[in-house]
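Visitor: I have a model open and would like to talk through its packing. Can we take it topic by topic?

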Amino acid sequence: MESEKRVHRVVVLALTGLLPFELGIPHRIFGRAKGPDGRPLYEILTCGLAPGPVRTDADFAIHVEHGPELLATADTVVVPASYELGPVYEEGRLTDELAAALAHIRPGTRLVSICTGGYVLAAAGYLDGRPATTHWACAEHFQRLFPAVRVDPDVLYTDDGDVLTSAGVAAGVDLCLHIVRRDHGATVANEVARRTVVPPHREGGQAQFVARPMPEPQLATTTAARAWVLDRLHEPLRLTDLARQEAMSVRTFTRRFREESGVSPGQWIVGRRVERARQLLEQTELPMEQVARDSGFGTAQSLRKHVQAALGVSPTAYRRTFRETGGRAGNLTSPDGPSVAAGPAH
């Protein structure tokens, strides 16, 4: 019984040259996840290759109390980015010290990387034959160095069950929110996002916005249209109606929407409807036909099609798994496992 009550432990591995922002992402996102009783759902600890100061890429160091032995106690290990990976980055091999540290990780531990932290997982062989991503600027080098890895340079994050990787910097926020959503459902993840003041959900398959110019600040954006849609997800939505909210032509609106969000209006709406369906499946006992209507899919058949495509399971299976795990979404993936965190194709 005691083991059932133990909080899921996340251990963050701090390496020399780490980026303070990315080191803080797991602590901020997982640390804000609370259960219905207000209790923390995760315990987050940090370790280094040895206890003591760890140099960052800023003008300060951080003091880490724990050594690598802490990795043996982790349920999830997170490796944030570092600018001083040495032979890991240059030759694709671990140093003896880093290899000894990673040897503490137990089989079955969930592994997560943020940005160039993926180099560490790849050098250790954890990514061989698996999908992975990293910062777009490093993707070509990453693929050359680790040809056995299936690198996708265009996505925000990948989820291959027990191994997850993210693109650069803020994509680590998206990945950690995705993990909270996977573990405990949309309601918990959305509350974490609200408290962190970030978008609650950017699909893993969403582009990294490589070389995409930002909209000119003086030009109208599509923000008002998106807010208008969120209040009407249960209604039929036409592209002409969305464009009218911004006083744009359909063609201009569609182009501007894709520039700002990375997806088409239709793909974005489907994603929001899936999110709404998840909340209804988690929080209510409504029949599937009602969930379909309230989330904008219209019929249970359409609901099933879109939830299956996005989450890898049926709405009924999602609800049952969420209930059986006591309010945790669990590892809701298809039997073959996802290659990229689900999202509409671009």
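Visitor: Before that, what kind of model is it, and which atoms go into the side-chain values?

Guide: This is a predicted model, where local features need pLDDT of at least 70 and side-chain atom pairs count only at pLDDT 80 or more, while totals for chains, interfaces and linings use all residues. Residues are numbered from 1 along each chain as its sequence is written, and side-chain values use heavy atoms, with hydrogens and water left out.

Visitor: How many helices and strands in the chain?

Guide: The chain has 15 helices and 10 strands. Both are DSSP runs numbered from the N terminus: helices are H or I with at least four residues, strands are E with at least two.

Visitor: And what share of the residues counts as buried?

Guide: Of 346 residues, 51% are buried. Buried means under 20% relative accessible area, exposed means over 50%, and partly exposed is in between, with a 1.4 Å probe and protein chains only.

Visitor: What about contacts between residues at least 24 apart?

Guide: They make up 65% of the contacts between residues at least 6 apart in sequence. A contact means heavy atoms within 4.5 Å.

Visitor: On to the rings. How many aromatic pairs are there?

Guide: There are seven aromatic pairs. Rings of Phe, Tyr and Trp (its six-membered ring) pair if their centres lie within 6.5 Å; planes under 30 degrees apart are stacked, over 60 edge-to-face, and the rest tilted.

Visitor: How are Tyr 119 and Phe 146 arranged?

Guide: Their ring centres are 5.9 Å apart and the planes stand at 70°, so this pair is edge-to-face. Tyr 119 is in helix α5 (residues 118–123) and Phe 146 in the loop between α6 (139–145) and β8 (150–151), so the pair ties together parts that are 27 residues apart in sequence.

Visitor: Buried or exposed, those two?

Guide: Tyr 119 and Phe 146 are both buried. They also belong to one aromatic cluster with Tyr 89 and Phe 142.

Visitor: And how do Phe 253 and Phe 257 sit?

Guide: Their centres are 5.7 Å apart with the planes at 45°, so that pair is tilted. Phe 253 and Phe 257 are four residues apart in helix α11 (residues 250–261), which separates them by about one helical turn. Phe 253 and Phe 257 are buried.

Visitor: What lies over the face of Phe 257?

Guide: Arg 226 does, at 5.3 Å from the ring centre. The criterion is NZ of Lys or CZ of Arg within 6 Å of the ring centre and within 35 degrees of the ring normal.

Visitor: Switching to helices. At what angle do α7 and α8 cross?

Guide: The axes of α7 and α8 (residues 186–196) cross at roughly 150° and come within 7 Å. That makes α7 roughly antiparallel to α8. Axes are lines fitted to C-alpha atoms, for helices over the stretch in contact, with angles from 0 to 180 degrees between N-to-C directions. Under 35 degrees is roughly parallel, over 145 roughly antiparallel, 65 to 115 roughly perpendicular, and the rest oblique.

Visitor: Which residues meet there?

Guide: From α7, Leu 177, Val 180, Arg 181 and His 184 meet Ala 186, Val 188, Ala 189, Asn 190, Val 192 and Ala 193 of α8.

Visitor: How do α12 and α14 cross?

Guide: The axes of α12 (residues 265–283) and α14 (residues 300–311) cross at roughly 95° and come within 10 Å. That makes α12 roughly perpendicular to α14.

Visitor: And α8 against α12?

Guide: Those two pack at about 120° with axes 9 Å apart, which makes α8 oblique to α12.

Visitor: Last topic, backbone. What is phi at Val 169?

Guide: Phi of Val 169 is near 50°, a positive value in a residue other than glycine. Most residues other than glycine have a negative phi. Val 169 is in the loop between β10 (163–166) and α7 (171–184), and is partly exposed at 37% relative accessibility.

Visitor: And Ala 247?

Guide: Ala 247 has a positive phi of about 55° and is not a glycine. Ala 247 lies in the loop between α10 (239–245) and α11, and at 75% relative accessibility counts as exposed.
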